Amino acid sequence: TLAIMPDFAPTGFTLLDAYVQRKLGDGWSVLAGQFKPAFGDDRYLTPAQFKRTNYFALDGFAFPGNANPWDIGLELKKTTDHVTFQWDAVQGAGPNKTTDNDKFKDLSARLEWKDGPLLLGASYYGGTNQTGATSYQNWGGAHIRFTQDGLDLRGEGILAPGDRLGFAGQAAYKSGDWEPLAWYESGFIGSVQNYQVLGLALNYWPGAKTRITATVSMNGLASLTTSASGGLQVEQIF
């Protein structure tokens, strides 16, 4: 299987997915090229899978300096009825770069268990990951998801280098063409809260591949009238 996913925005053109995948039998497959390393829940999603207009701030907080998580490397994947396991070796230099940025190869692993509407996951990432670090760093994460009859509940936590700990949660409910959702996230450096975000959105789905999203976000309830910001996004998948 060959996958190509370009992204075009007013800021320019970016090549995201560009990989080949080969099924090996018995649930095993191997993937090579440029892809999203398997880590976490939100960070692993592609733009077309979002219910909001962009990624959680949690992803940039846990991986500072890595605004674009795509990377070049190799992935081995195993799937069963209830379990999915992925193991990656990537350059750690980011997308659209054919040369490594250091002597290290970054490694990631992601394990998910699903039974009916409930999904549990755990992740590990080790390397430098464009952060400017000169030594090997370690990231750990856990996520949970519950989906049933239009209800979609998600939660995630990431423990990152530099004593960074972040949490995010999202609740959505789709009925017909409409889907309201809300999310909250917060990040700590040590015991000090570094940021918090409360967001609300309303999705309208006029077609299976067309989404119109209106959002409002704020730095917690206390800033509702002082620093709330809004946005409108129209997305069309071809």
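Patches, in the sense used here, are made of residues with over 30% relative accessible area and no salt bridge, and nonpolar side chains are joined within 5 Å. Please bear in mind that this is a predicted model.

Let me begin with the surface. L24, W28, L76, F85, W87, L107, L111, Y124 and Y136 together form a nonpolar surface patch of about 770 Å². Two or more residues of this patch come from each of the strands β5 (83-90) and β6 (106-115). One of the patch members, L24, is located in strand β2, residues 12-25. Its relative accessibility is 52%, so L24 counts as exposed.

I turn next to a charged residue. E156 belongs to strand β9, which covers residues 151-160. Is E156 buried or exposed? E156 is buried, and it has no salt bridge. The nearest side chain of opposite charge is that of R154, 4.9 Å away. A polar atom of the E156 side chain does, however, lie 3.1 Å from the backbone nitrogen of D42. Leaving aside residues up to four places away in sequence, E156 touches G40, D41, D42, L58, A142, H143, G166, F167 and A168.

Beyond residues up to four places away in sequence, S229 touches T215, V216 and S217. N219 is ten residues from S229 along the chain, and their C-alpha atoms are 9.6 Å apart.

Thank you for your attention.

Note on methods:
Residues are numbered from 1 along each chain as its sequence is written. This is a predicted model: local features need pLDDT of at least 70, side-chain atom pairs count only at pLDDT 80 or more; totals for chains, interfaces and linings use all residues. Side-chain values use heavy atoms; hydrogens and water are left out. Helices (H or I, at least four residues) and strands (E, at least two) are DSSP runs, numbered from the N terminus. Buried means under 20% relative accessible area, exposed over 50%, partly exposed in between (1.4 Å probe, protein chains only). Lys and Arg count as positive and Asp and Glu as negative; His and the chain ends are not counted. A salt bridge is a side-chain nitrogen of Lys or Arg within 4 Å of a carboxyl oxygen of Asp or Glu. A polar contact is a pair of N or O atoms within 3.5 Å; within protein, one must be able to donate a hydrogen and the other to accept it, and residues adjacent in sequence count only if both atoms are side-chain atoms. Contact means heavy atoms within 4.5 Å. Patches are made of residues with over 30% relative accessible area and no salt bridge: like charges are joined within 9 Å, nonpolar side chains (Val, Leu, Ile, Met, Phe, Trp, Tyr) within 5 Å. Accessible areas come from the Shrake-Rupley method with a 1.4 Å probe; for residues, only the protein chains shown count as cover.
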